[in-house]
Amino acid sequence: MDNKKVRQFKEAVYRYVFAVSALASLAFLVGIILTLFTQSLPILTERPFFDLLFGRHWYPTHTEAEFGMLPLIVGSAAVTIGAMFVCVPIGVGTALYIHELASERQRALLKPTIEILAGIPSIVYGFFGMVVVAPLLQDILHIPTGLCAFTAALILGIMATPTVASLSEDALSFVPTSFREASLALGANRWQTLTKVVVPAAGSGISTAIILGMGRAVGETMTVLMVAGGAAVIPRNLFDPVRPMTSTIAAEMGEAVMGSLHYSALFAVGLILFLITLGINIVAELISRKYRLKLGLGR
Amino acid sequence: MNIQAHAVQGMDGYLPGDRLPSRWSPRSRDLAQALGFACLVLCVLISLFFLGFLIYFIASRGASVISWEFLTEAPRRAMTRGGIAPAIVGTFYLTAGAILFVMPLGLASAIYLCEYTPKSYLVNLIRLSINNLAGVPSVVFGLFGFAVFVKGFGFGVSILSGSLTLGIMALPGIISASQEAILAVPQSYREASLALGASHWQTIREIVLPSALPGILTGMILTIGRVAGETAPILFTAATFYTRGYPDSIFSEVMALPYHIYALMTEGTRPELQTPIAYGCSLILLCLVLAVSALAIVLRQRQRFSYGS
């Protein structure tokens, strides 16, 4: 009798231990939100929110310090949008190739290769961009400096390609074979089947892949820190140096005095960045939920 | 002319058998297919080309720098001579610390989500947190680690702060890899164990976890590769440009391979001497990360054949 009670007690204890561990992710997420918010509170109370978000001047160390984040936000937007022009066609194209054209052997080789591309640390991409790609582009395009938004966008795009490719490939593989068979039976050729049936059916899955690739590009730090040039001004064209939000935090955190407005402003940049990626994730989640329902895959 | 043919003619003005002036006449649609497929091939070639280009440059320029001394000595003369041993050791400590912290936590979360049947709102909430945590930019983890571990708990810039920060960043990956491995264990295994009178926890410990172990290990190895290469989270929590010797406690700051590359390229006064060392560092880091992910990929391919599927 007693033995049974001990056993039941043990079971209950394990259950609680596991439940608490499972709540850790939630705790960390809430912790991150609270930390960002409390640390950026001084600047949020000191300066009007509108001026922070849309101010055109980021002079954090001047005596008359200004904390307009617009140049940083525009910088992030420029490199991210540029990166999308690289990673969407190449990523989706690669996924379509693997799905439609690759033989069994090619597939067994290509999928790990893409995973390896995804596994290369961002610092290596950044270093490579700095010592190889930037000088090369500077020569080819005759631009004043290779360290600019264009180079950063190019490398970020390559970095985001594996994310887009592997998630798109997953989406394509969820499309029921019967869709393809029906289309081919109606006399459509493989390309027509692919573009008119398979891709539309996998459409929202592919959009989720693209959105998550965008999230990866927005949050990337080391590459843009090393390659984007680092000038906190609103760029006039794609070949100007920029300082995206991530690299601003990484570059300035070391010199910001703890408790100063600058310190707080960097957390505010982190908060905005966090909210952007949160938004991106929520959109991706909503789309993929709808998509799973559409193909009858359940939740 | 029969009625059917008339009807067709009435519709479009063509008789059956007439060639339709479609956009997709046989020749043009074959051409479209050929062009389309060519574009897809091009996409793959671009990805492969870039990968090859990157590996070629780093390997060819980094190889000449690497020697036994490079791997086993500390940097000398303000980073312009000597090796990178302390950075390799530092990366090892940081990665090991992160794994030690996150492995039990991630595994326990996965067990709870898969083996116990929590209320659905709880599952949704946890799943949402995991997904969002996975999307948080690495530099934001760095900010969090700095405010909480370095300043809040007073751990200072140290291995401990860096490992905890890296661990939190790796948590979502560990949970989903473990979940996948646990869910792949056939339900019949559990039922057999429970039918023999084993308790819930005994079933998990003796049956589910051993069966899922290879999958869990693969996830862990992939995480090691990812954590070892991360720079942004340790930028303000653990890494430093130069230490005199090797770290002597978990509260000492460390050199780390990825941060060392960054520091060599952005600090110091002799770029012409520092860049070759950075090439060497990048090659070592690349080899390390690629070897680890290749190991994980091979392991996973083998597991595909388990459970008789």
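Biologist: How far apart do the C-alpha centres of domain 1 of chain A and domain 2 of chain A lie?

Modeller: In this predicted model, the two centres lie 32 Å apart. The domain assignment places domain 1 at residues 2-46 of chain A and domain 2 at residues 53-294.

Biologist: How many residues of domain 1 of chain A are in contact with domain 2 of chain A?

Modeller: Nine residues of domain 1 are in contact with nine residues of domain 2. A pair is counted when the C-beta atoms lie within 7 Å. By class, the domain 1 side has six nonpolar, two polar and one charged residues.

Biologist: Which residues make up the contact between chain B and chain A?

Modeller: On chain B there are 72 residues in contact with 71 residues of chain A. Among the helices that each supply at least two residues of the chain B side are α4 (85-115), α7 (159-183) and α11 (271-303). The helix that gives the most is α2(B), with 18 residues. The chain B side divides into 52 nonpolar, 17 polar and three charged residues.

Biologist: Why is B:C114 called partly exposed?

Modeller: B:C114 has 18 C-beta neighbours inside 10 Å. A buried residue needs 20 or more, and an exposed one has 12 or fewer. The count of 18 falls in between, so B:C114 is partly exposed.

Biologist: Where is B:C114 found, and what does it touch?

Modeller: B:C114 is in helix α4 of chain B. Leaving out residues up to four places away in sequence, B:C114 touches B:Q179, B:I182 and B:L183. B:C114 and B:E180 are 66 residues apart in sequence, and their C-alpha atoms are 9.2 Å apart in space.

Biologist: Why is A:H142 called exposed?

Modeller: A:H142 has 8 other C-beta atoms within 10 Å. The limit for exposed is 12 or fewer, so A:H142 is exposed. A:H142 is found in the loop between α6 (122-141) and α7 (149-174) of chain A.

Biologist: What is the phi of A:H142?

Modeller: A:H142 has a positive phi of about 50°, although it is not a glycine. Most residues other than glycine have a negative phi.

Biologist: Where in chain B is confidence lowest, and where is it highest?

Modeller: Confidence is lowest in helix α1 (residues 3-12) of chain B, at a mean pLDDT of 43, and highest in α7(B), at 93. Over residues 1-13 of chain B, pLDDT stays under 50. The mean pLDDT of chain B is 83, and 88% of its residues reach 70 or more.

Biologist: What ipTM and pTM does the predictor give the complex?

Modeller: The predictor gives an ipTM of 0.90 and a pTM of 0.88.

Technical notes:
Residues numbered from 1 in each chain as written. Chains lettered and ligands numbered in written order. Predicted model: local features only at pLDDT ≥ 70, side-chain atom pairs only at ≥ 80, totals over all residues. Domains from an automatic or database assignment. Contact = placed C-beta atoms within 7 Å. Nonpolar A, V, L, I, M, F, W, Y, C, P; charged D, E, K, R; others polar. Helix = DSSP H or I, 4+ residues; strand = E, 2+ residues; numbered from the N terminus. pLDDT = per-residue confidence, 0-100.
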